[in-house]
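Dear colleague,

I am handing over the structure that we spoke about, and below it you will find a careful account of what was found. Please keep it open beside this email as you read.

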Amino acid sequence: MPDLLYQLRGLTVRHLAAGRAPALQDISLDIAAGEQLALIGPSGAGKTTLLATLACAHRPAEGGFQAFGADPWALDNGARHRLRARLFLAPQTPPLPPRQRVVTAVLAARLPQWSLWRALVSLVKPVDPEAAYRALSRFNLGDKLYSRVDRLSGGERQRCGLARLMLSGAQALLVDEPLSALDPALSQLTLATLQQEASERGAALVCSLHQVDLALAHFKRIVALKHGRLVFDLPRDQVTPAMIAELYMGEQPPANAPLADQEPEPAKLATGGCL
Ligand SMILES: Nc1ncnc2c1ncn2[C@@H]1O[C@H](COP(=O)(O)OP(=O)(O)OP(=O)(O)O)[C@@H](O)[C@H]1O
């Protein structure tokens, strides 16, 4: 039985906005070392919140939460910081400094392993550009090594964020909608690369996806969320088209014409005024 990396029991997570329903309610989930699972569910289901909770970025309001055998929120700040160095959260829009060169942005994944001096030196002269090049090449982005981040397309920026993950050494790879800016061929390459990396280092991979077909094709375990609740957590061969239809039922956006009493005044539209 592989080590348990995460154990969630009846977890409830709230965002700060008062009066709102919890973003996650009563979530129970185990994730073992080396496991790969896809998180699916309609927009607003709680996928990003769950990934951020696994990354120890959101403190649960209720329930039990263990990451790497400890409750991160019972640790002191230093110990929690060291625990966070064992995981990597790749957000949908990676927070890359726009004026930085890609090589520096990718090497920043090594900051937790570096001394302050080494980090400062690397800002001026990247200390291991070969490693950044290898990571970028796995996402077909090697030619952007010395480009500025703000000259990248959305999809290139997204893959640049994933190249960071390659240099992190983390044992839990938490990836939020990595394909949202990618075409179908790059989507396949990106998923295959993430899965290969996770397998090679024996890391857990938790990946949220809107592309249900890709989730079912690539992941053996499918975790579905809706309205902040766990709908199912099943091997993919037990997930039926009816279950997927039910998961997304009622989630189609309404017709895009605003109601009469919500229509902005024409004068404001014409001047671009704040509505
Ligand atoms: N910073 C925040 N403050 C307040 N509420 C938030 C915040 N972030 C998310 N929420 C709310 O929490 C709920 C879950 O959001 P979350 O982003 O986790 O869903 P998601 O499944 O990742 O959605 P999507 O597929 O659209 O990215 C939603 O109702 C959302 O409005």
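In which sense do strand S3 and strand S8 pair, and over how many bridges? Strand S3 (residues 36–40) and S8 pair in the parallel sense, over four bridges, where strands, like helices, are DSSP runs numbered from the N terminus (E, at least two residues, for a strand; H or I, at least four, for a helix), and two strands pair if DSSP finds at least two bridges between them.

Before going on, please note that this is a predicted model, in which local features need pLDDT of at least 70 and side-chain atom pairs count only at pLDDT 80 or more, while totals for chains, interfaces and linings use all residues. Residues are numbered from 1 along each chain as its sequence is written.

Strand S8 (residues 221–226) is mostly covered, since five of its six residues are buried, a residue being buried if 20 or more other C-beta atoms, placed from the backbone, lie within 10 Å of its own, exposed if 12 or fewer do, and partly exposed in between. S8 is also joined by six bridges to strand S9 (residues 229–235), and these two run antiparallel, with Val223 opposite Asp233 in S9. In the hairpin of S8 and S9, which has two residues between the strands, His227 takes a positive phi near 50°.

Elsewhere, an open sheet of three strands has the order S2-S1-S4, with antiparallel pairing. Strand S2 (24–32) and strand S4 (62–67) stand at the edges, each with a single partner strand, so one side of each is left without a neighbour in the sheet. Five bridges join strand S1 (residues 4–13) to S4, and Tyr6 has Ala67 in S4 as its bridge partner.

Helix H1 contains Thr49, which is buried, with 21 other C-beta atoms within 10 Å. Leaving aside residues up to four places away in sequence, Thr49 touches Val13, Ala23, Leu24 and His58, where contact asks that the C-beta atoms, placed from the backbone, lie within 7 Å.

Lastly, the buried residues of helix H5 (residues 129–137) are Ala132, Ala135 and Leu136. Seen down the axis of H5, they fall within an arc of 95°, so they line one face of the helix, the arc being that of the directions from the helix axis to the C-beta atoms. What covers them includes helix H3 (102–107) and helix H6 (154–166).

With best wishes

Note on methods:
Contact = placed C-beta atoms within 7 Å.
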